[in-house]
Amino acid sequence: MTTPTASFGFREVPEAEKEGLVREVFSSVARNYDVMNDLMSGGVHRLWKDAMVEWLNPQPGQAFLDVAGGTGDIAFRIAELARARGGEAAITVCDINAQMLNEGVRRANEMGEGAVTWVCGDAEKLPIPDQSMDAYTIAFGIRNVTHIDQALREARRVLKPGGRFLCLEFSRVEAPGLDAIYERYSFSILPKLGEWVAKDGEAYRYLAESIRRFPAQKAFAAMIEKAGLSRVKVRNLTGGIAAMHSAWRI
């Protein structure tokens, strides 16, 4: 019988091994993850995350689940915007990697941010009750799961009827000329930055490769619809280097 495989960057690995390999990557870079995001994007990832949370439009009293959000970047933005609108939101961060969660908790303690609950769990088997969340967010995490379709079904399961799904992910560059520049940057410069800052060039080579293996905007939108979510909309950011996909549980 053929052993099922999954993509790990440009390699195919036994499906059962992918989760552990991804965990090793993020354990290696957890402490320097946000510094590396700044270096990789020239700080633009902060604008992308701001745009995501603005489109989310969080309101006080709502319940939010941020998946693969261990360092807290999205959760902290949700908490801040909800407070600016007059109250608190209930925010749960779920991440499979304990080191990433520890980094988020450390940052929360430094900021005095107490509105976030931290949970170690798998995007494909969320430890969250059915129909309990007003919104599900995931930023730069869904391409790393073994079964994207299962993670999307889990997103639908935990959302209340009328709940919002919002994903920010690296995507397919659509701006003419930018694709070639971005390709050279990703595979020539990015691993060197990873070696210099995080002492792990191979981890950042994997991250670049995983971006190339992720479905393009229309294909990912079709996967979201197939998982049972409705009214899918796509917004490109920086010429398609990243994209946001929004959908609803109707």
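A residue is called buried when its relative accessible area is under 20%, exposed when it is over 50%, and partly exposed in between (1.4 Å probe, protein chains only). The structure is a predicted model, in which local features need pLDDT of at least 70 and side-chain atom pairs count only at pLDDT 80 or more, while totals for chains, interfaces and linings use all residues. Residues are numbered from 1 along each chain as its sequence is written, and side-chain values use heavy atoms, without hydrogens or water.

Helix H4 covers residues 73-84. Helices (H or I, at least four residues) and strands (E, at least two) are DSSP runs, numbered from the N terminus. H4 has twelve residues and spans 17 Å from its first C-alpha to its last. This is close to the expected 16 Å, where the expected span is 1.5 Å times one less than the number of residues. The buried residues of H4 are Asp73, Ile74, Ala75, Phe76, Arg77, Ile78, Ala79 and Ala82. Gly86 follows H4 and has a positive phi, near 110 degrees.

Two packed helices are described by the angle between their axes and the distance between the axes. Axes are lines fitted to C-alpha atoms, for helices over the stretch in contact, and angles run from 0 to 180 degrees between N-to-C directions. H3 (residues 44-56) packs on H4 at about 50 degrees, with the axes 10 Å apart. H3 is therefore oblique to H4 (under 35 degrees is roughly parallel, over 145 roughly antiparallel, 65 to 115 roughly perpendicular, and the rest oblique). Contact means heavy atoms within 4.5 Å. H3 contributes His45, Arg46, Lys49, Asp50, Met52, Val53 and Leu56 to the contact, and H4 contributes Asp73, Ile74, Arg77, Ile78 and Leu81.

A second pair is formed by H6 (residues 148-158) and H9 (residues 217-226). Their axes lie 9 Å apart, at an angle of about 50 degrees. H6 and H9 are therefore oblique to each other. Ile148, Asp149 and Leu152 of H6 meet Phe220, Met223 and Ile224 of H9.

Phe140 is not a glycine, yet has a positive phi of about 55 degrees. Phe140 sits in the loop between strand E6 (133-139) and H6. Phe140 counts as buried because its relative accessibility is 8%. Thr238, also not a glycine, has a positive phi of about 50 degrees. Thr238 lies in the loop between strands E8 (230-237) and E9 (242-248). With a relative accessible area of 41%, Thr238 is partly exposed.
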